[in-house]
Amino acid sequence: MKKIFMLLTALMLTLTASAQFEEGKVYAGASMTGLNLSYNGAKELNLGVAAKAGYFAADNLMLLGEVGYNHEGKDAGHLFSVGAGGRYYIIQNGIFLGANCKFVHADNGYNDLMPGVEVGYAFFISHTVTIEPSIYYQQSFKKHSDYSTIGLNIGFGIYL
């Protein structure tokens with residue numbers, strides 16, 4: 001009986017999620033990194049927020065824009081970023097693969113163009129609201145060993 005209940009629950013979650021990844025839908029989201037959820041060689045602590053907006057150009061394929069702010073420890077200062085990318089939702093079950101490219105500017109004069117990839121899951125807590133944990137990697141063209149970053153995002157999304 002327990003197995004049948006779990007199967008029906010998984011089926012309902014899949015059906016609920018599939019309605020949100022259709023062509024023409026709009027996405028608004030915010031994410032947070034912080035408390036050592038990301039690490040690279042030049043800094044120790046990273047506290048950041050980002051706002052995202054997206055549009056589903058086709059079923060399961062979202063175009064995404066992002067603006068962000070990070071306060072980084074170890075004398076790195078403040079970073080501002082703007083970027084664009086996309087997400088592909090696999091088999092409409094909430095798992096997504098993403099690719100993006102960000103322009104990063106720091107108040108100390110540092111500028112970088114950083115392409116990145118991510119994998120995450122859109123966990124629906126209501127019909128339109130999600131919690132979206134993801135793991136990401138951002139590649140630095142300036143200095144790979146100090147500024148390329150791997151980390152964890154915790155985000156919230158609204159699918160309309």
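**Figure 1. Tyr121, a partly exposed residue in strand 7 of a predicted model.** Tyr121 has a relative accessible area of 31%. That value puts Tyr121 in the partly exposed class, because the class runs between the 20% limit for buried and the 50% limit for exposed. Strand 7 covers residues 111–121. Tyr121 and Ile90 are separated by 31 residues in sequence. In space, their C-alpha atoms lie 9.9 Å apart.

**Figure 2. Contacts of Tyr121.** Leaving aside residues up to four places away in sequence, Tyr121 touches Asn93, Gly94, Ile95 and Phe96, among others. The list also includes Ile131, Glu132 and Pro133. One of these partners, Glu132, is the subject of the next view.

**Figure 3. Glu132, a buried residue in strand 9.** Strand 9 spans residues 129–138. Is Glu132 buried or exposed? Glu132 has a relative accessibility of 4%, so it counts as buried, the cut-off being under 20%. The side chain of Glu132 makes a polar contact of 2.7 Å with the side chain of Tyr159. Beyond four places in sequence, Glu132 also touches Tyr27, Arg87, Tyr121 and Ala122, among others. Further partners include Asn153, Ile154, Gly155 and Gly157.

**Figure 4. The largest nonpolar core.** Which residues build the largest nonpolar core? It has 10 residues. Phe21, Phe56, Phe96 and Phe124 are among them. In soluble globular proteins, nonpolar side chains tend to be buried together.

**Figure 5. Phe56 and the second core.** A second core is separate and has 5 residues. Leu79, Val104, Ala106 and Tyr110 are among its members.

**Figure 6. The chain as a whole.** The chain holds 2 helices and 10 strands. From the N terminus, the order is α-β-β-β-β-β-β-β-β-β-α-β. Of its 160 residues, 39% count as buried. Among contacts with a separation of 6 or more, 49% join residues 24 or more positions apart. The accessible surface comes to about 8,900 Å². Carbon and sulfur atoms account for 72% of that surface.

Conventions
Residues numbered from 1 in each chain as written. Predicted model: local features only at pLDDT ≥ 70, side-chain atom pairs only at ≥ 80, totals over all residues. Heavy atoms only, no water. Helix = DSSP H or I, 4+ residues; strand = E, 2+ residues; numbered from the N terminus. Buried < 20%, exposed > 50% of the residue type's maximum accessible area, 1.4 Å probe, protein only. Contact = heavy atoms within 4.5 Å. Areas by Shrake-Rupley, 256 points an atom, 1.4 Å probe, with all protein chains shown as cover. Polar contact = N/O pair within 3.5 Å; in protein donor to acceptor, adjacent residues only side chain to side chain. Core = buried A, V, L, I, M, F, W, Y, C linked by side-chain atoms within 4.5 Å.
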